[in-house]
Amino acid sequence: MIREIVQVGDSVLREKCKPVTRFDAELFKLLDDMKDTLKDAEGAGLAAPQVGVPVRAVQVDVEEGFFEFINPVIVSQKGEQSGPEGCLSVRGKAGTVVRPDRVKIVFQDRNGDKYSLVARGFFARAVCHELDHLDGVLYTDKATDIHSVEE
Ligand code: CO
């Protein structure tokens, strides 16, 4: 089920999200709905607070595949890249953001099993952008040149 994507100005986007503690049907429903919402919006990633639920769960949909990261934490990072970013919660805007070129994260899947993963390039950028959402940070807080774009 497609959920409404919360837009900038809503306080839920500025919350410090709570860890996921129950890997149950309610979480599965949230994640399934987030996936429907992300696919419908044709975005590269979506964080739970963007559908109004302030918990530590994100999805990333990139060349490398579709990923769900529950309670993700960046444990190491390397290098630097500068590139354009937008956000489904900040419609009609884009800006340039400096991010690490490579990040290693630890996370859980929807069943609570623990994994680690290394992301590079745009994948790393998407991971960093989505993880920022879990701490109430938007890319517009970090971008140097926010400008309007056609959608
Ligand atoms: Co975003």
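Predicted model: local features only at pLDDT ≥ 70, side-chain atom pairs only at ≥ 80, totals over all residues.
**Ground rules.** I number residues from 1 along each chain as its sequence is written, and my side-chain values use heavy atoms, with hydrogens and water left out.

**Sheet.** I took helices (H or I, at least four residues) and strands (E, at least two) as DSSP runs numbered from the N terminus, and I called two strands paired if DSSP finds at least two bridges between them. Five strands form an open sheet in the order S1-S2-S3-S6-S7, with antiparallel pairing. Strand S1 (45-47) and strand S7 (114-120) stand at the edges with a single partner strand each, so one side of each is left without a neighbour in the sheet. Neighbouring strands are turned by 40 degrees against each other on average, direction ignored. I then looked at S6 (residues 102-108), which seven bridges join to S7 in an antiparallel run; Gln108 stands opposite Lys114 in S7.

**Helices.** For angles I used axes fitted to C-alpha atoms, for helices over the stretch in contact (heavy atoms within 4.5 Å), with values from 0 to 180 degrees between N-to-C directions. Helix H1 (residues 25-41) lies across S1, S2 (57-62) and S3 (65-78), at about 35 degrees to S2. Helix H2 (residues 121-133) lies across S1, S2, S3, S6 and S7, at about 155 degrees to S2.

**Metal site.** I counted as donors N, O and S atoms within 2.8 Å of the metal (3.2 Å for Na, K and Ca), and as water is not among the atoms, sites may look incomplete. Cys87 (SG), His129 (NE2) and His133 (NE2) coordinate the cobalt ion at 2.1 to 2.3 Å, with the spacing C-x41-H-x3-H along the chain. Cys87 in strand S4 (residues 81-87) and His129 in helix H2 are 42 residues apart, a pair that links distant parts of the chain. Both Cys87 and His129 are buried (under 20% relative accessible area, where exposed is over 50% and partly exposed in between, 1.4 Å probe, protein chains only).

**Asn71.** I found Asn71 in strand S3, buried with a relative accessible area of 16%. Leaving out residues up to four places away in sequence, Asn71 touches Pro19, Val20, Phe23, Arg56, Val106, Phe107 and Gln108. The C-alpha atoms of Asn71 and Ala41, 30 residues apart along the chain, are separated by 24 Å.
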